[in-house]
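Q: I would like to learn how to read a strand, a sheet and a salt bridge in a model like this one. Please take the features one at a time.

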Amino acid sequence: MNKYDALFLIGLSSFTAGACNVDECNDRYFSEPLKELNRDLFERSHHWSNGFPFLNRWEEGAIDFSEVGMNIEVSDAPQSNEQNKYRSGELRSRHFYGYGCFSVEVKPISFPGIITSFFLFSGEHDKHEGSNGMHNEIDIEFLGKNTRVVQFNFWANDDEYLSDNAVLIPLGFDASKEFHQYAMLWKEDKIQWFVDGVMRYEVVRSKNNPTPTILDSRLKIMANVWPVDNKLSSWAGKVSALNQPLSGTYRNLSFQPEQSCGNDK
């Protein structure tokens, strides 16, 4: 993936959130089955859009909950006064978090041009007190054109999205067929990504390739589903008319101490 692709990936968020104070931003471990919306921890983006390369507007009604878990839907649902061709949902944590293990079980959407994501994010409009306000992000993303691989990525103090850290990891199974657990272990000196408790990729912080740190910003937890502009079809596939709603399903989202991620540290 080239730098132009990296510029327009998942973290282009313009949602304005109030800053929390230092106490509110302290680490608080939790485990949520996602059978209902925990309003103390999460909120849903509503009635706005990111712009290119997102072809959707965020609507809170595109997220629902059941005994199975949380469904984030994408559908053909333009409004007469909008240019957005699709509607879909985004879940956002109300608080910011530091180092630890962030995990969730997911069944992503298998459809060209649709991204299913779980990620950590901060930026100009999503920051807590003491943050430098720059773009910091750690990603798990599924590209709908091939759900037999998962993409891991990160940015550190990179407002221009110039770094190119994305990697595609073969899974050995089709992630869209059944739930599997995906996790990010964020530490001061490294990031590790896990699939079903097994570490699949690691980046160690270095001067030439820094990783996010809480000294710069704690991060929000986010999950969303969205269609990619066809100008980036080489990355995610070319999206076409959906004809019916498609849903990515999430369950058992947690933030826990680092040993929760797996045996590989």
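Q: Which residues of E16 point one way, and which the other way?
A: In a regular strand the side chains alternate between the two faces of the sheet. Here Lys-220, Met-222, Asn-224 and Trp-226 point one way from E16, and Ile-221, Ala-223, Val-225 and Pro-227 point the other way. This is a predicted model, in which local features need pLDDT of at least 70, side-chain atom pairs count only at pLDDT 80 or more, and totals for chains, interfaces and linings use all residues. Residues are numbered from 1 along each chain as its sequence is written, and side-chain values use heavy atoms, with hydrogens and water left out.

Q: Which strands do bridges join to E16?
A: Two strands pair if DSSP finds at least two bridges between them. Strand E7 (residues 90–93) is joined to E16 by 3 bridges, and the two run antiparallel. Leu-91 has Ala-223 in E16 as its bridge partner. Strand E9 (residues 114–122) is also antiparallel to E16, with 8 bridges. For Phe-119 the bridge partner in E16 is Met-222, and for Leu-120 it is Ile-221.

Q: In what order do the strands form the open sheet?
A: The order of the 7 strands is E2-E7-E16-E9-E10-E11-E12, with antiparallel pairing. Strand E2 (42–44) and E12 are the edge strands, each pairing on one side only. From one strand to the next the twist averages 20 degrees; axes are lines fitted to C-alpha atoms, for helices over the stretch in contact, and angles run from 0 to 180 degrees between N-to-C directions.

Q: With which residue does Lys-220 form a salt bridge?
A: A salt bridge is a side-chain nitrogen of Lys or Arg within 4 Å of a carboxyl oxygen of Asp or Glu. Lys-220 forms one with Glu-43, and their closest N and O atoms are 4.0 Å apart. This pair links distant parts of the chain, with Lys-220 in strand E16 and Glu-43 in strand E2, 177 residues apart. Both Lys-220 and Glu-43 are buried.

Q: How many salt bridges are found in the whole structure?
A: The search finds 9. Among them is the one between the side chains of Arg-57 and Glu-59, at 2.8 Å from N to O; Arg-57 and Glu-59 are both buried. Another joins Arg-87 to Glu-73, with the closest N and O atoms 3.4 Å apart. Arg-87 lies in strand E6 (residues 86–88) and Glu-73 in strand E5 (residues 70–76), 14 residues apart. Salt bridges that share partners also join Glu-43, Arg-94 and Lys-220 into one network.

Q: Why is Arg-87 counted as buried?
A: Arg-87 is counted as buried because its relative accessible area is 17%.

Q: Is Lys-177 buried or exposed?
A: Lys-177 is exposed, because its relative accessible area is 63%. Lys-177 sits in the loop between strand E12 (167–170) and strand E13 (180–186).

Q: What does the secondary structure of the chain come to?
A: The chain has 2 helices and 17 strands. Of its 265 residues, 57% are buried.

Terms used. Buried < 20%, exposed > 50% of the residue type's maximum accessible area, 1.4 Å probe, protein only. Helix = DSSP H or I, 4+ residues; strand = E, 2+ residues; numbered from the N terminus.
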